[in-house]
Amino acid sequence: MKTINKSKNSPEPVIGFSESLLILGVILCILGYPIIFKHQEPQAPLFISFVLLAVYGRIRGFKWDTIMNGMRHGLRAGVDPLVIFLSIGVLIATWIFSGTIPTIMYFGFEIISVKFFLPTVFIVCTLVGIACGSSFTTVSTMGIAFIGIGATLKINPGLTAGVIVSGAFCGSNISPLSGTTNLAASVGEISIYQHIKSLLTTDIPAWAICLILYTFLGLNSKNVSLGAVHQMMAGLQNGFWISTWALLPVLLLIVLAIFQVPAIPSLSLGSLFAVVLGWIHAPKTSLTTITNTIMTGYVSHTGDKTIDILLSKGGISSMLTSLALIIFALALGGLLIKFNIISAIINHLTGIVKTPGRLAFSTALTCIGVNLLVGEHYLAIILPGQSFLPSFDKLGLKRVDLTRILNDAGAAVNAIVPWSVSGVFIASTLQINPLSFIPWTFFPFLVTILTVIAGMLVKVPVQSPAANLVAE
């Protein structure tokens, strides 16, 4: 470690590959041990990691202005997700108030059998994810309904959540309306449809394997008493407005997605429409009740303990703990980027990739690493994409080979990182410990493995000058 002159005009220090690797290893230990082995919440480990990295940076020679700018840079990348979190909290509360989620649950009980519950959930969540282009919207709407149905059918909540997340992220991955899918295509500077065509070569096999596995697991489910199902349906009818009219907010979200209205105004309009719909059904509802529902969530008073637990949720306040976690994660990620720690790792990897197989593996590994350390799925696409794009061009490979990896190992993997934006959102929305659903979320694991295999099977074009260079 070089001695650094810490005067105001001194140059900033340079952190090399070995030092970066050591720093990342320490951070992963601080995060992983209490969260994975002690089952603690991620907020404290993330805060400790952020503070220790900031102090280390100052000791190492970085100015306080640099440290603060790094934090601000990290938080800036998360402004949209933070607002989306709050909007989804409101959406959940208002959709219960309007009877939308209870109606989905009620009709679900009428058509879903125990044996085929899991594959049905997987297929429906995939289709909804494709239609609306948002895994978050799918999880916060259909996901909540299916969690409720699964609880009544005595199915492991972690398994149900894993199926929901797999379907939602698969659907979002291959949807032309998805923000992450469009981002990956734009990083590679190719058309969205070229990108999706490439994605299908890995996502369809991963989807098919998931469907087989979930069908097999569903066949092992025990039969549940129809009396419990009928009791739940009766409770929903007595406590909520059950009607096809209550499904109009779902239709509105799909229409807004088709017209490519951004997530935040779509969610806000969906919530506002649900409030109006609920008020039309129950015009005596006071303004105070509606505003309290938006702020603190809907509180169910059906008298049925199971229903009241399942459908007392949502609201702005329900997302505040998750927002704290995301803020610490983004601040930590901002310092890692500002100190050039992530750049040092990526630059080292780009210097040793000389074959398609190594390049595919290094790109996927970097996407996973950014997810683990920064927790932001957009950055997990942008940073590796911009870094490895010249290497793909140099080897004469198609850019779809890069963008496919960015989507599969960047966007999808975010769902199975407990402290990531997606992991925190899923845990908060479905009210489940991330370690309970991650082992059952097969799609991100499978699609990452398949995308690396697909990258290893790519051949360098014979006519490419880069190919001759490699051959030498």
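## Ground rules

The model is predicted, so local features need pLDDT of at least 70 and side-chain atom pairs count only at pLDDT 80 or more, while totals for chains, interfaces and linings use all residues. Numbering starts from 1 along each chain as its sequence is written, and side-chain values use heavy atoms, with hydrogens and water left out.

## The overall fold

Let's start with the big picture. The chain has 24 helices and 0 strands; these are DSSP runs numbered from the N terminus (H or I with at least four residues for helices, E with at least two for strands). Its radius of gyration is 24 Å, close to the 23 Å that the globule rule gives for 472 residues, so the chain is as compact as a globular protein of that length. That radius is taken over C-alpha atoms, and the rule is 2.2 Å times the number of residues to the power 0.38.

Buried residues make up 55% of the 472, where buried means under 20% relative accessible area (1.4 Å probe, protein chains only). Of the contacts (heavy atoms within 4.5 Å) with a separation of 6 or more, 79% join residues 24 or more positions apart.

## The largest pocket

Now for the largest pocket, at about 800 Å³. A pocket here is an open set of points on a 1 Å grid over the protein atoms alone, where a 1.4 Å probe fits, with protein on both sides within 12 Å along at least five of seven lines; lining residues have an atom within 4 Å of a point. The volume is the space filled by probe spheres set on the points, which are joined across faces, edges and corners.

There are 35 lining residues, and Gly133, Ser134, Gly179, Ala263 and Tyr378 lie nearest the centre. Helices giving at least two residues each include α4 (79-97), α7 (135-152) and α19 (377-394), while α13 provides the largest share, 5 residues. By class, the lining has 20 nonpolar, 14 polar and 1 charged residues.

## Two buried serines

Ser140 sits in helix α7 and counts as buried because its relative accessibility is 1%. Beyond residues up to four places away in sequence, Ser140 touches Ile88, Leu91, Ile92, Ile101, Phe425 and Thr429. Ser140 and Ile101 are 39 residues apart in sequence, with their C-alpha atoms 9.7 Å apart.

Ser166 belongs to helix α8 and, at 0% relative accessibility, is buried too.

Note on methods: Ala, Val, Leu, Ile, Met, Phe, Trp, Tyr, Cys and Pro count as nonpolar, Asp, Glu, Lys and Arg as charged, and the others, Gly among them, as polar. Buried means under 20% relative accessible area, exposed over 50%, partly exposed in between (1.4 Å probe, protein chains only).
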